[in-house]
Amino acid sequence: LLDSDHLSGGELAVFRLANLSLPVTMNRDRTITLQARVSSMLLDDKRKNSSAVHRRLLCPFGEVGRDRKPQTDAKPLLDFSMTIFPEGRREQRITVREPCGFANFEFMFALMDFFLLAFQDVEAMDVGSQTPNPEDKGQSQQSDPTLPDKSLQGTNTLELVIDQAWFILLADPTNLHSQGLATLFDLRLTNTAPILPNEDTQTSTSLTLSSLRAFFTQASSPSVSNTASLINSTTVNLQFASPSVPVSRPATLDVRLDSIHFLLSHARTQTLVGIFNQFSYGLSTREAATPPTL
């Protein structure tokens, strides 16, 4: 991935995949299933101006001292599937197993801008390709490709499942001995949206964050210890629904949190403030910088 200085050879990140498979199945009922499986992946920060001591956002923590149980079932780290039905609806499922790494907010925002700009460019090209030609005014309106296909029915569904995630948030990413917060959680997100939105349809999102735990740790030797616990196991549920098109109906948000127990001290509070400052700095840097280009 190249950053905004790509003309002079500047790098943003290196993304490595191992054992990538891309099976495609076409069934007799005219459904098409696309799949992608990856056994492992690494993501390295290659920015020249980065002073982070840990330059790997996604990594096996065995490299930095984490004891991990061997995966006897040999399931892939990333498993993606998408089924396209004859009526036009799509069902997508993404499963990520045991992702882990160091969360560098500035680097994460740079990556997010990289992909957001790429999608914006694709959408702009798609809109431009669908602009009707003035010379085609004599053709019937039924052949206009900009009109929605009335045969499309139902809703598109996206499901994201993350099992046993573990990420380290550092108060000072430039310090090898910085204090940090180890967060462990399972996540399940489901999003449904109509293929053809109208005033009567809505888009809904459901998110469940379960087995959420947090422990104070150090950047040099990330580990989990009950004596350094900040949050015991808890569950967060979020339900969000909004009209598919702008109408007078309001959007709704419902958040539910199980009982939660915090264990804080003055030093631990300083660590949390440092992590929040890193997030704020990364956000302000993103807003001030020119978006990266492909």
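Author: A polar contact is a pair of N or O atoms within 3.5 Å, where, within protein, one atom must be able to donate a hydrogen and the other to accept it, and where residues adjacent in sequence count only if both atoms are side-chain atoms. By that rule the side chains of N237 and T208 are joined by a polar contact of 3.0 Å. This is a predicted model, in which local features need pLDDT of at least 70 and side-chain atom pairs count only at pLDDT 80 or more, whereas totals for chains, interfaces and linings use all residues. Residues are numbered from 1 along each chain as its sequence is written, and side-chain values use heavy atoms, with hydrogens and water left out.

N237 and T208 stand 29 residues apart in sequence, yet their C-alpha atoms are 4.6 Å apart in space. N237 lies in strand 12, strands here being DSSP runs of E with at least two residues and helices runs of H or I with at least four, both numbered from the N terminus. If residues up to four places away in sequence are not counted, N237 touches L207, T208, D254, V255 and R256, contact meaning heavy atoms within 4.5 Å. N237 is partly exposed, with a relative accessible area of 28%; buried means under 20%, exposed over 50%, and partly exposed in between, with a 1.4 Å probe and protein chains only.

S229 also lies in strand 12, which covers residues 229–243, but S229 is buried, at a relative accessible area of 3%. The side chain of S229 has a polar contact of 3.3 Å with that of N232, and beyond four places in sequence S229 is in contact with A214, F215, L263 and R268.

F215 leads on to the pairing of strands, for which DSSP must find at least two bridges between them. In strand 11, F215 is the bridge partner of A182, and strand 10 pairs with strand 11 (residues 202–218) in the antiparallel sense over 13 bridges. Strand 9 holds Q164, which has a positive phi near 55 degrees without being a glycine; Q164 is partly exposed, with a relative accessible area of 48%. Most residues other than glycine have a negative phi.

A separate group of strands forms an open sheet of three, in the order 1-4-5 with antiparallel pairing. Strand 1 (13–18) and strand 5 (56–58) are at its edges with a single partner strand each, so one side of each is left without a neighbour in the sheet. Strand 4 (residues 40–45) and strand 5 are joined by two bridges, and D44 stands opposite R56 in strand 5.

Turning to packing, a nonpolar core is a set of buried Ala, Val, Leu, Ile, Met, Phe, Trp, Tyr and Cys residues joined through side-chain atoms within 4.5 Å. The largest such core has 22 residues, of which L12, L43, F107, L111 and F185 touch the most other members. At least two residues of this core come from each of strand 4, strand 5, helix 1 (105–129), strand 9, strand 10 and strand 11, and helix 1 gives the most, with four. Another core, of twelve residues, lies apart from it and includes L181, F216, L230 and I275.

The chain as a whole has two helices and 13 strands, and buried residues make up 33% of its 294 residues. As for confidence, pLDDT is the predictor's own score for each residue, from 0 to 100; the chain averages 79, and 75% of the residues score at least 70. Over residues 61–72 the pLDDT is below 50, although beyond near neighbours in sequence this stretch has 20 contacts in the model. Residues 290–294 also stay under 50, with 15 contacts beyond four places in sequence. Where pLDDT is low, the predicted coordinates should not be read in detail.
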